Amino acid sequence: MTSGFERSNDILQVRAPGVNFHVLRDGHGLYLVDAGFIGGWNCLQRALRKRGWQKDPIIGILVTHGHLDHVLNVGEFALRTGAWIAAPRLDLPHYTGQMRYQGLARVTGVLEALGRPILGFQSFTPDRLLDDGDTLDVWHGLRAVLLPGHTAGHMGFYCESLRLLLTGDLFASYGWSTVLPPAIFSSEPAKMPASVARALELDLSGVLPNHGDRAAPEVHLKRLGRLHRRLSTKCH
């Protein structure tokens with residue numbers, strides 16, 4: 001089944017093992033929001049061919065946060081395509097594999113330390129470091145929205161004209177479960193409920209998570225709202 005956003009002319013979800021990522025298209029070319037995990041290049045090429053975008057240049061890569069399942073391919077893709085990279089400033093140690101995790105998130109550190117050499121991670125230096133509120137003149141216009149907790153610099157990308165937020169790993173959204181990321185994968189999990197609340201303060205018609213099913217953006221938004229209400233109940 002094809003969801004509403006996949007029928008639109010200028011956004012494409014690349015479904016890959018474990019984590020999805022997105023491609024945005026404007027009159028200049030394509031922009032990736034994250035770059036997937038294992039098999040990411042082949043998944044990307046298949047999706048582009050299916051949409052008929054395989055000849056469009058990949059101009060930029062926007063990073064939501066520095067976890068390996070989102071940045072494994074960023075350096076390689078940038079070298080292959082000549083694309084610029086824009087990424088959260090506060091996640092800078094992740095891009096060179098130098099992040100030092102604390103608490104339960106040390107589990108993530110161990111997994112990433114094992115995975116980087118096995119999977120061929122290439123460190124990279126972003127062309128632009130993003131802070132909260134920074135704007136990018138691509139697609140229909142995007143604004144970086146800091147949503148910390150999963151990582152210090154974790155951010156979403158908000159398109160005001162479409163009332164759409166690409167939420168990265170703010171939450172996982174499936175028909176059978178809508179949850180925050182587990183604490184072992186989050187640097188500051190206590191901050192995540194506030195980040196959910198901040199996302200929902202935006203004028204939204206839909207959201208697009210990286211971990212989720214093929215539901216339309218408005219369905220993911222309803223799930224996020226229900227998650228926020230559950231979190232608020234727990235806090236009281």
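Mentor: Gladly; we will go through the features one by one, keeping in mind that this is a predicted model.

Trainee: Let's begin with the open sheet. In what order do its six strands lie?

Mentor: The general idea comes before the case. Strands of a sheet pair through backbone hydrogen bonds, either parallel or antiparallel. Here the six strands follow the order β1-β2-β3-β4-β5-β6, and the pairing is mixed. At the edges you find β1 (11-14) and β6 (128-130), each of which pairs on one side only. From one strand to the next, the twist averages 20°.

Trainee: Which helices pack on this sheet, and which strands do they touch?

Mentor: Helix α2 (residues 40-51) touches β1, β2, β3 and β4 (58-62), and its direction makes about 140° with that of β1. Helix α4 (residues 74-81) packs on the sheet too, touching β3, β4 and β5 (84-88), with its direction at about 165° to that of β4.

Trainee: How many bridges join β2 to β3?

Mentor: Strand β2 (residues 21-25) and strand β3 (residues 30-33) run antiparallel and are joined by four bridges. To see one of them, find Leu24, whose bridge partner in β3 is Tyr31.

Trainee: Now a single residue in β1. Is Leu12 buried or exposed?

Mentor: Relative accessibility settles that, with buried meaning under 20%. Leu12 has a value of 6%, so Leu12 counts as buried. Leaving aside residues up to four places away in sequence, Leu12 touches Phe21, His22, Val23, Ala47, Leu48, Arg51 and Trp53. Take Val23 from that group: Leu12 and Val23 are 11 residues apart in sequence, while their C-alpha atoms are 5.0 Å apart in space.

Trainee: What strands does β8 pair with, and how many bridges are there in each case?

Mentor: Two bridges join β8 to strand β7 (residues 135-136), and this pair runs antiparallel. Leu136 has Leu142 as its bridge partner in β8. The hairpin of β7 and β8 has five residues between the strands, and in this hairpin Trp139 takes a positive phi near 55°. β8 also pairs in the antiparallel sense with strand β9 (residues 155-159), over four bridges. There, Arg143 stands opposite Tyr158 in β9.

Trainee: Why is β8 described as largely enclosed by the rest of the structure?

Mentor: Count its buried residues. Strand β8 (residues 142-146) has four of its five residues buried, so the strand is largely enclosed by the rest of the structure.

Trainee: Let's turn to the open spaces. What is the volume of the largest pocket, and which residues are closest to its centre?

Mentor: The largest pocket has a volume of about 460 Å³. Its lining has 23 residues, of which His67, Asp69, Asp169, Phe185 and His211 are the closest to the centre. Two or more lining residues come from each of α3 (68-71), α5 (106-119) and β10 (164-174), and α5 gives the most, with five. By class, the lining divides into 14 nonpolar, six polar and three charged residues.

Note on methods
Residues are numbered from 1 along each chain as its sequence is written. This is a predicted model: local features need pLDDT of at least 70, side-chain atom pairs count only at pLDDT 80 or more; totals for chains, interfaces and linings use all residues. Side-chain values use heavy atoms; hydrogens and water are left out. Two strands pair if DSSP finds at least two bridges between them. Axes are lines fitted to C-alpha atoms, for helices over the stretch in contact, and angles run from 0 to 180 degrees between N-to-C directions. Contact means heavy atoms within 4.5 Å. On a 1 Å grid over the protein atoms alone, a cavity is a set of points where a 1.4 Å probe fits but cannot get out, and a pocket is an open set with protein on both sides within 12 Å along at least five of seven lines; lining residues have an atom within 4 Å of a point. Grid points are joined across faces, edges and corners, and a volume is the space filled by probe spheres set on the points. Ala, Val, Leu, Ile, Met, Phe, Trp, Tyr, Cys and Pro count as nonpolar, Asp, Glu, Lys and Arg as charged, and the others, Gly among them, as polar. Buried means under 20% relative accessible area, exposed over 50%, partly exposed in between (1.4 Å probe, protein chains only).
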